[in-house]
Amino acid sequence: MIEDIQNDMPDIQADICIIGAGAAGITVARALQKSGMDIVLLESGGTDYESDTQDLAKGEISGLEYYDLRESRLRFFGGTTAIWGGRSAALDAIDFEKRDWVAHSGWPFAKDVLRPYYRRAQELLGLTQIEDNQLPDYQSPFDEAQISAAFWQFDEIFDRFTQKRCGDLIGAQNIRIFTHAHVMRLNTSENGSRVETIDIGNLKAVRATLRAQVFVMATGGIEASRLLLASKNPAHPHGIGNNTDQVGRYFMEHPHARAAQIMSGDPKRLFKLCPRFLRRKGQRYGLLFRPSDQLQRQAKILNTGFTLAVRRHAGEKQALYTNLYNTMRHELSPTAAGRSLWKMTRRMTVYMQDRFGAQMNATKLRQKNYGIYAIMRAEQAPNPNSRITLSDKQDELGMPLPRLDWRLSEIDKHSVSQSMKALDHEIRRLNLGHVDPAQWLSGDELWEFDPLASNHAIGGYHHMGGARMSADAKTGVVDGNCRVHGVENLYVASSAVFPTSGWANPTLTILALALRLGDHLQSSSRKF
Ligand SMILES: Cc1cc2nc3c(=O)[nH]c(=O)nc-3n(C[C@H](O)[C@H](O)[C@H](O)COP(=O)(O)OP(=O)(O)OC[C@H]3O[C@@H](n4cnc5c(N)ncnc54)[C@H](O)[C@@H]3O)c2cc1C
């Protein structure tokens with residue numbers, strides 16, 4: 001059942017209340033569909049984009065340049081995946097390790113714990129069940145001790161989590177979904193050990209309280225910190241789960257950059273050996289490279305990813321088609337109609353890349369304003385000063401806005417430099433030319449964004465950290481089961497819990513963690 005609470009909210013109780021109907025919240029709800037438990041799923045928005053509700057996603061930026069927060073996540077049933085790129089990959093095993101050269105690294109468990117959930121998550125997105133992002137029949141030209149190859153897959157069904165594709169959930173006997181149900185505050189017991197109720201409101205002045213045995217916050221990366229911080233009370237004077245001042249810290253993105261130009265006299269051979277995209281049995285794969293685990297350990301660098309692509313030189317004018325694509329992508333309101341138009345544009349781009357990618361590259365490279373570049377989609381190291389706090393300003397419902405102070409560290413740039421050195425070594429060894437590192441790598445700046453390097457010039461809109469997972473309450477916000485330290489019935493389903501980010505886009509891991517959380521909630525339901 002789905003009910004819009006534009007005018008009224010019934011007084012309800014539930015076994016489990018999931019806050020936020022994005023990919024994470026929907027996946028937890030689906031995992032509990034056959035549990036027999038009484039589930040309530042609350043969504044701040046309606047079933048499609050509405051400008052005034054979207055305003056609730058506003059926020060302030062105080063650190064590095066970043067996208068407008070209002071535009072970088074969506075507020076309606078299905079959440080931000082309604083406009084995502086579908087690029088999917090699992091984290092590597094090394095991403096879960098405590099790396100002694102990466103401060104604050106290490107998950108409370110190894111990748112093996114997530115493997116079965118990655119398989120389920122791949123199935124959920126209609127992807128091929130590949131292990132460790134490898135395509136068995138692709139042979140990388142690079143020395144595996146230096147540079148490793150990996151692949152993204154793409155979920156081609158962009159609107160997989162929107163209302164029209166969630167009939168199973170909407171029809172489920174044990175699940176009640178409420179839209180325009182914006183959670184403004186979590187209220188704990190007097191000693192702070194349990195969340196007892198939550199306050200709900202919306203722009204039509206409806207106010208309600210909901211009581212449940214268990215609460216799951218699936219509100220997206222930044223909103224998890226915001227809601228915890230905004231819910232302070234005498235037992236949690238700095239916000240829920242924040243007794244050790246960890247909430248909001250370690251915010252991470254995958255910063256993008258132009259890292260080097262590949263000076264090759266034989267681009268045809270280069271792209272034959274390193275094609276940007278491949279098709280296998282109808283599934284599209286995108287190739288990327290990263291420093292091998294061995295190189296990471298030797299050079300003490302991050303698991304930073306990069307692709308080889310033909311791009312305009314820095315400082316040139318953007319190509320007309322790219323401008324058009326970006327306008328469709330970023331300027332159109334993401335209503336159902338706007339999203340359809342963008343999807344058509346994207347499908348056409350993919351078709352052109354599949355059919356004519358090689359010819360298009362060759363034509364571009366005959367012009368003097370194009371070159372071959374290494375484009376970073378880097379791992380950033382966890383940095384406690386990269387953080388989400390609350391602003392003094394409030395949204396329409398009186399909730400403090402989030403303030404994002406995104407910061408990078410020396411090792412982020414160092415990892416790019418070292419990766420480019422390894423690439424240069426390999427390109428020379430293969431007689432493919434050489435690599436000219438970008439100037440910013442030898443300058444004082446920690447990072448340089450380049451609007452021509454990628455359609456998403458700053459980062460991937462990946463909001464990770466803020467409620468990081470840790471075995472010890474002193475160094476994180478949630479435990480290995482995604483439960484907020486010190487609060488027995490509050491969980492977080494989101495990339496907010498990632499202790500480190502790897503290079504992989506986050507959503508496949510968000511889904512794997514959500515499925516694991518679903519299993520955990522079922523197996524521990526008797527204790528609640
Ligand atoms: C342009 C773009 C491209 C992207 N491409 C990729 C990609 O290719 N691959 C990839 O892995 N990731 C990509 N991402 C990121 C991806 O969209 C997110 O990782 C994913 O959507 C996160 O899912 P979520 O459910 O955790 O959060 P969200 O999708 O943000 O969903 C959170 C939901 O909670 C609701 N909510 C928030 N606060 C409250 C509240 N207080 N009360 C009630 N409800 C609330 C919101 O309305 C929303 O519906 C992209 C993002 C963007 C913007």
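In this predicted model, R284 lies over the face of F277, at a distance of 4.2 Å from the ring centre.

Across the whole structure, 17 aromatic pairs were found. One of them joins F151 and Y285, with ring centres 6.2 Å apart and planes at 85 degrees; the pair is edge-to-face because planes over 60 degrees apart fall in that class. F151 belongs to strand β6 (residues 147-154) and Y285 to strand β13, so this pair ties together parts that are 134 residues apart in sequence. F151 and Y285 are both buried. Elsewhere, one aromatic cluster is formed by Y66, Y67, F251, W406, F449 and Y461.

On the backbone side, a polar atom of A24 is 2.9 Å from an oxygen atom of the ligand, and a polar backbone atom of G86 is 3.2 Å from a ligand oxygen. On the side-chain side, an N or O atom of R75 lies 3.4 Å from a nitrogen atom of the ligand. On its own, the ligand has 990 Å² of accessible area, of which the protein covers 96%.

Most residues other than glycine have a negative phi. Against that background, K281 shows a positive phi of about 45 degrees although it is not a glycine. K281 lies in the loop between β12 (277-280) and β13 (283-291). With a relative accessible area of 90%, K281 is exposed, because that value is over 50%. C482 likewise has a positive phi, near 70 degrees, and is a residue other than glycine. The loop that holds C482 runs between β18 (434-437) and β19 (490-492). Is C482 buried or exposed? At 3% relative accessibility, C482 counts as buried, since the value is under 20%.

Notes. Residues are numbered from 1 along each chain as its sequence is written. This is a predicted model: local features need pLDDT of at least 70, side-chain atom pairs count only at pLDDT 80 or more; totals for chains, interfaces and linings use all residues. Side-chain values use heavy atoms; hydrogens and water are left out. Helices (H or I, at least four residues) and strands (E, at least two) are DSSP runs, numbered from the N terminus. Buried means under 20% relative accessible area, exposed over 50%, partly exposed in between (1.4 Å probe, protein chains only). A polar contact is a pair of N or O atoms within 3.5 Å; within protein, one must be able to donate a hydrogen and the other to accept it, and residues adjacent in sequence count only if both atoms are side-chain atoms. Accessible areas come from the Shrake-Rupley method with a 1.4 Å probe; for residues, only the protein chains shown count as cover. Rings of Phe, Tyr and Trp (its six-membered ring) pair if their centres lie within 6.5 Å; planes under 30 degrees apart count as stacked, over 60 as edge-to-face and the rest as tilted. A charge sits over a ring if NZ of Lys or CZ of Arg is within 6 Å of the ring centre and within 35 degrees of the ring normal.
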